[in-house]
Amino acid sequence: MDHKSPSRVELLQGTLDLLILRTLLPGPNHGHAIAKHIRRTSEDVLQVETGSLYPALHRLEAKGWIAASWELSDKGKRARYYRLTASGRKQLANEQSKWQAFSRAIGLILNPADQEGQ
Amino acid sequence: VTSFFRKLSWLAQRPRKEAELREELQLHLDEEAEERQAQGLAPEEARLAARRELGNLTLLKEDTRATWTWTWLEQFVQDLTYAARGFMRDRRFTFSALGAIFLAVGAATAVFSVVDRSLFRPLPYSQGDRLVSVGMIMPIFGPGEYMFNAAYLDWRVSQSAVDLTSWNGVAACDLGGDMPQRLNCARAEASFLPTLGVRPLLGQNFSDDEDQRGAEPVALLSWGMWRTNFGGDRSILGKKIFLDGAPTQIIGILPASFETPDLTPMDLFVPQKIPRGPNTRNYMMTVIGRLRPGQTATSAAAALEGPFEQFRADFAARVGARFAKTMWLHVEPLRDRQIRQYRLALWVLLGGVFAFVLIACANVANLLLARSAGRRQEFAIRAALGGSRLRLVAQLLTESALLGLAGGAAGCVLAWGLLRACIAIAPEGTLRMREATLDARVLAFATVLSLITALVFGLAPSLARLRVEMLDGDRATGHRRVWLRQALIASQLALSLVLLSGAGLLLMSLWRLQNTPLGLNQERVVTASFTLPAYRYGQDLRPTGWSVRQVNFFNELEARLNATPGAVASAITDSMPPGTAARTAPYASLANPEGKITPEMAGSVKWRYVSPGYFAALGIPIRRGRDFSDADRARGVHNVIVNELLARRLVEDEDPIGKHLGANIVIGVVGNVRNAGLDRPVDPEFYQVRKSTGDGIPGSGDNAWWRRATAVVRSNLRERHAEGSLRRAFRQVDPDVPIQIETMEAQVDHFLTKPQFQTTLLLLFAFTGLALAGIGLYGLISFLVAERTREIGVRVALGATPGAVTKLVVADGARWTAAGAILGIAASGSLLRLLQGLLYEVKVLDFRVCRRYRYSCRSGGLSRMAPGLSSIENGSYGRPAARLILAVVADRKG
């Protein structure tokens, strides 16, 4: 925690699942790559704790939204690759629209002038 | 749903998942380190940084694992294996606790399976609680209900509270054909089954038309009869059997659950065919009613009061006002009627087993208390390491439940064995005993009981301890919160005492019963009871009911019996003492043939129809006058012999010889013979001589009476040979008459089996209970000694002698033993009054019983303390204490 930069923010409860699912949309990936992707894409704002990443991956797997298989990584190492299942895709669509509605609502409240101007 | 199966399959692949997670995390670390290295850190530093980034590895793994399966299940399995390991390690505790639960659940389940049938389970009729027994009681005829045809026909239509139906009990009937058989036929009205709400399993009930005199005979088979005699063959419906000599069509099969309202076993169910027309007013039957909606037994009785009064007025006009005055209407729920004479015995049994279960539960509680005291440190450590209170309670819960269920399962096996044993030793006809099984209902009871034993009695005290001690772990000594355990021991002792004195009372009553003089000499007497089959001896009936064939049979049998090898004396009688139904006559009709009835003439007189030689055969002494001779059998002679009781009642202290008894003349007086069972006072009785011709045979309302008799032979042969020669005598007369041979001693024993059974059971509970209490006391004292090791050591170091230490320990135990004994005696005094109804010539506050057991408990209590003491000396339980004492003593010497 001590070496976190102030610009980073804590992940909101429940958003980690959504981020993982979204990350896997283009194609299968392993745990470390997923974490890295989230960090990079969010321009280092979102930091995924490893301590919650792996339980989350396994939880999503138990729910059947993602499936895992052992494959060779681009570096030639055996890695556990996660890929989106059909029901995961549906779940992603769901969560995404929910999130968008949510963030728009927050935006409306935080920037009333901005919205009025439009 | 798929998630459920995935978790289920993961449960099985546990080790693989574990390895995969390890590899996955390792890869993560490698990747991370590589990345850091790429950012310019030294390899070692990069590795450490990666590891730091990962955080708490154990927590991560735990969180991940939690997603694989159900956490609660995991913890449960953990608790379970831990509990099992603990029990295996602590064998002495486990065996004692399991043993107590085993005995408690076994005994209680066996007793419940018997008692439940009669006390709690719904009757096997639809809405059985709406059924009532309806009748009139006339004390002059005995305690049973009567119902006259005239009243029944009227009451059926003259009130609207209850729908009445009738039946006529179970009586013998004969199955003819290839294999003649004596069967039991229940005779009932067409409306009987519908009123009870019973539907035939196959076929149908008989119709009103088939229930008329003159209709073609039909019958329904009982389920048992259908299975055994007809192999459960469905095509039997519509076929004909020969029943009492008439071709009878089988029209239905009754369900297996069917039982007659008075619980008499029966094979066939046939129309009663109530007689109609003149002179049928006094035909008797038994009446059952179904309460209409909104009615209760009380309101039905009120509704019947009007018709009853009308009948009484009519009866007074026809028979006499004095008779009519003594009768009253009786309406009682059917279940209460069924168990009337057993209720007390059943509740006593239930109470006995309840006390026994409490004793066993106290033992379990005590054992668990001792165990939890020993585990204080363990729980403190678990709590300190972050074990939540919930988790600790769950552990205790799991342990108790495991203990309870294991003991309960073993207890069910014991119950099964006990039930077999009970059925084997139970007297014939004990209420529904033979039907008792361990079915789902009883097993559910056993499960609940074992859980209660273990959870309530085991967990509650442990929880109390947990609350106080969870947070401060290491108080090694000085815990004196043993009052709960001592109170448990005291109540165990008290309960055992109650059981013991109850069993003692029953035992004394049984002893009295067994040593009651019967008034006859039962040694070397063999009897053969039989009923001549109606299909062979029922033809050419005279209007009064007998047939020439019957008379010839009896005459020939009498001659053969006298000629049997080894026979000292022989006779034929219609009934036998001490129980089997003798005929009765109202005393009033005998004492005053003119019909003048006074209140002093209440009560009835028993009488038997015997051949000359009856008194010699049974060894009944003739006190006055003479025995019967063949001259008394002549036509027109009406000589009778009375027992002493009747003689006294008839003429006080005068000489009864030559006095009239009704139309008869008294020629002799014989000794009193027990004739109302063993546990009731002797009734007045007289004997009429069997006629050797058809003339002068007394009339009877029971049409099988003529054919039913018992042959009695006093023999100087051994039992087996005497039975053989008796059997031969019958074979020579008619080989097709089925007979039942029994010694007189066996017949008398039948009357003892019921009290013997009750006494055995209660004694068993009492002694096992006392043993449990003893074991509990032993354990408690050992525990106390172990707890006070340091204190005792200090005392000895300060100069206390071993004798003083012993006194200290004994005084503690003695206080609670005494408290238990006093409580037990007080409770016995008040509770055992309830037993009075089961006792014969024993008063409940019999000083001897109390004194005897007070003495035995005192000496028993002390002797039970002895092992606790010896443990100090030779160190079996209190090994540390003994060692300490020895060490201290050695110190002082040195």
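Which side chains meet in a salt bridge at 3.1 Å, N to O? In this predicted model, the partners are B:Glu35 and A:Arg39. In total, 5 salt bridges are counted between chain A and chain B.

**Chain A**

Chain A contains 5 helices and 3 strands, and these follow one another along the sequence in the pattern α-β-α-α-β-β-α-α. The chain has 118 residues, of which 37% count as buried. Of its contacts between residues at least 6 apart in sequence, 51% join residues at least 24 apart.

**The interface with chain B**

The contact draws 23 residues from chain A and 24 residues from chain B. The size of an interface is often given as the accessible area lost when the parts come together. Between chain A and chain B the buried area is about 2300 Å², with 50% given by carbon and sulfur atoms.

Three elements of chain A each give two or more residues to the side that touches chain B:

| Element of chain A | Residue range |
|---|---|
| helix 2 | 31–41 |
| helix 3 | 50–63 |
| strand 3 | 78–84 |

Helix 3 of chain A provides the largest share of this side, 9 residues. Sorted by class, the side of chain A that touches chain B comprises 7 nonpolar, 7 polar and 9 charged residues.

Conventions:
Residues are numbered from 1 along each chain as its sequence is written. Chains are lettered from A and ligands numbered from 1 in the order in which they are written. This is a predicted model: local features need pLDDT of at least 70, side-chain atom pairs count only at pLDDT 80 or more; totals for chains, interfaces and linings use all residues. Side-chain values use heavy atoms; hydrogens and water are left out. Helices (H or I, at least four residues) and strands (E, at least two) are DSSP runs, numbered from the N terminus. Buried means under 20% relative accessible area, exposed over 50%, partly exposed in between (1.4 Å probe, protein chains only). Contact means heavy atoms within 4.5 Å. Buried area is the accessible area (1.4 Å probe) that two parts lose on being put together, summed over both. A salt bridge is a side-chain nitrogen of Lys or Arg within 4 Å of a carboxyl oxygen of Asp or Glu. Ala, Val, Leu, Ile, Met, Phe, Trp, Tyr, Cys and Pro count as nonpolar, Asp, Glu, Lys and Arg as charged, and the others, Gly among them, as polar.
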